[in-house]
Amino acid sequence: MLSGPGAPRAGARARRDWPLAALLLLPSLLLFAVWVFYPLARTVWLGLYETDFFGERRLWVGWEQYADVLRSGELRHSLWVSAAFTLLTVPTGLAAGLALAVLAHRPLRGITVFRTIFSSTIATSVAVASLMWLVLLDPSIGVLSQLLPFDVLETPGLLGRPGWALVAVSLTTVWQNLGFTFVLMTAGLQSVPDELYEAARVDGAGAWLRFWHVTVPMLSPVLLFGAVVLTISGFQSFGQIDLLTDGGPGDATSVLVWSIYDNAFGASAQEGVAAVQAVVLFVVVLVLSAVQFTVLDKRVHYG
Amino acid sequence: MDEPRGARRVARYAVLVVVAVVVLTPVYVSLVGALKPGARVLDYPRSLVPDSLTLETVRRAWSSGDLDRTMLNSALVAGAITVGQLVTSVLAAYAFAFLRFPWKPFWFGLFVSTLMVPTEVTVLANHGTVSSLGWLDSYQALVVPFLATALGTFLLRQVFLALPGDLRDAAAMDGLGHGRFLLQVAVPLARPMLGALALFSFLSAWNQYLWPLLVTNDDEHRTVQLGLRSLASSNLDELNLVMAGTIIAALPIFVVLLAFQRQLVRGLTAGAVKG
């Protein structure tokens, strides 16, 4: 395509470019249409129906089902468990990642070995991490209960206690996320100019003051980004629940996605209820994404 | 910043070692469990230092969990998803960066909007689609829904837009059409981002849990995450097999990450830190 002296005007180029653009966008657009937009609409639609006793025919219920599910104790409970799970995993995860990053930031011989160790949990999938912790927490093998002097670790173990199961699942999640938070915070620290620390030192600020008045403010965009990403992934968590607790004991660890899975594919086969819960999850993620975009906008100002 | 000396240096090493031990404990315990003879597993933790090593447990976990088959499946599925995502997102990103067409902001917004729909929201309806296509227990079901990525399109578009503005014009002057410009100029210049994306796509696909659980039920198509799940549920009285399984499943990914650390950091922090 030549653009010489007789170069076409922008409007003409737009008209000439569009068939190629359509061709290039088509694969992605088709995939999104079939696997994102259509199922999203269908999920909203499925929420209007109820499956009959045999889990076969769909019966029209209408928007009433949305009202019913939104008012139900089950939804409120699973939303609360998911929220508690993110509260237990996000601040601790970010703090742990930041602590490791600060620890491994300054030059020291052999520091790369420690950096590799600290980022190593990135290599663990949710199944690997959960099962490694299943072994640690198992009261009959008793690795943790013999290393640490806490009674709650004895039979039935943390995972078997309604008040502690979510804490245990959160612990495995914080450990699994450690590699990600460490890498994220390390990248953040590297973008803080050394001169700021020098200036603070000249002003007589000690290590503690420098951390709170230089490091934390300079990292605030990264911390916010990490907080939103971890919160969204917290609300999407499923694998650790499926492997470690099956939502139990009772319904103590029945997070939102577990509840959706259980309603849709469990014994009760309440597809419509699961669909409404999925729509609720969508709204939650939508709100969190909106926060994320504002955060990303802010990042530009911080540079 | 200088390296610290004397007592402060020793103190820093001490703290680093303690923290490293805490971080590695879950891995170490599983590793020891995997290498000890089966019957000895209940000795924990009186013998966290193994007194006799054997590969017998690893061998039994390997066959009982069908780990070679499931890891091969995961590699095939994740590989296909990675290649597919790179192709679709390079094509779309090129259109958004270098072509003029009507309603561009709308189409771009449509792409970005898919980022706000997590797979957990659509699994129920997508399970219905897959089952009515007759795709349950098939590789298509594991691969096809994930062949497009708005994140990849977004990041590659950024890379393309950052290229010098008159690069395309100069290429056009040299008689380079869009096809050759894409393959000979744009893609090579985007190679670092492509590497990061490939790693990120592969890991995400390898780690998938809920979707494979819903659409596959047979041994033939089971991925490694589900292989571990069934290994755990059928061997709750023999956790040493589970320990061996987790170590085997984590090892190849750990090696991949060691080899591609730089791409990994770029991929994980894309969007968070200017790089």
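Modeller: A helix is a DSSP run of H or I with at least four residues, numbered from the N terminus. The model before us is predicted, and one such run in it is helix α3 of chain B, residues 67-98, where Val83(B) is found.

Colleague: Why is Val83(B) called partly exposed?

Modeller: A residue is buried if 20 or more other C-beta atoms lie within 10 Å of its own and exposed if 12 or fewer do, with partly exposed in between. Val83(B) has 15 other C-beta atoms within 10 Å, so it is partly exposed. As for its position, Val83(B) lies 57 residues from Pro26(B) in sequence, and their C-alpha atoms are 33 Å apart in space.

Colleague: How is chain B divided into domains?

Modeller: Domain 1 of chain B covers 6-54, and domain 2 covers 67-224 + 257-269. The centres of these two domains, taken over C-alpha atoms, are separated by 39 Å.

Colleague: What makes chain B more spread out than a compact globule?

Modeller: Let us begin with its elements. The secondary structure of chain B consists of 14 helices and zero strands. For its 275 residues the globule rule gives 19 Å, but the radius of gyration is 24 Å, well over that value, so chain B is more spread out than a compact globule. Its C-alpha atoms fill a box of roughly 75 × 65 × 30 Å along the principal axes. By the count of C-beta atoms, 43% of the residues of chain B are buried.

Colleague: What share of the contacts in chain B with a separation of 6 or more comes from residues 24 or more positions apart?

Modeller: In chain B that share is 76%. For chain A, the corresponding share is 66%.

Colleague: How do you know whether chain A is compact or spread out?

Modeller: Chain A has 12 helices and two strands. The radius of gyration of chain A is 25 Å, whereas the globule rule gives 19 Å for 303 residues; the value is well over the rule, and therefore chain A is more spread out than a compact globule. Along the principal axes, the C-alpha trace of chain A spans about 85 × 75 × 30 Å. Of the residues of chain A, 44% count as buried.

Colleague: How do you know that the span of helix α5 of chain A agrees with its number of residues?

Modeller: Helix α5 of chain A, residues 126-137, has 12 residues and should span 16 Å at 1.5 Å a residue. Its end C-alpha atoms are 16 Å apart, so the two values agree.

Colleague: How many residues of chain A are in contact with chain B?

Modeller: Two residues are in contact if their C-beta atoms lie within 7 Å, and on that basis 79 residues of chain A touch 77 residues of chain B. Helix α1 of chain A, residues 10-46, supplies the largest share of the side of chain A that touches chain B, namely 20 residues. By type, the residues on that side are 59 nonpolar, 14 polar and six charged.

Methods:
Residues are numbered from 1 along each chain as its sequence is written. Chains are lettered from A and ligands numbered from 1 in the order in which they are written. This is a predicted model: local features need pLDDT of at least 70, side-chain atom pairs count only at pLDDT 80 or more; totals for chains, interfaces and linings use all residues. The expected span of a helix is 1.5 Å times one less than its number of residues. Ala, Val, Leu, Ile, Met, Phe, Trp, Tyr, Cys and Pro count as nonpolar, Asp, Glu, Lys and Arg as charged, and the others, Gly among them, as polar. The radius of gyration is taken over C-alpha atoms; the globule rule is 2.2 Å times the number of residues to the power 0.38. Domain bounds come from an automatic or database domain assignment.
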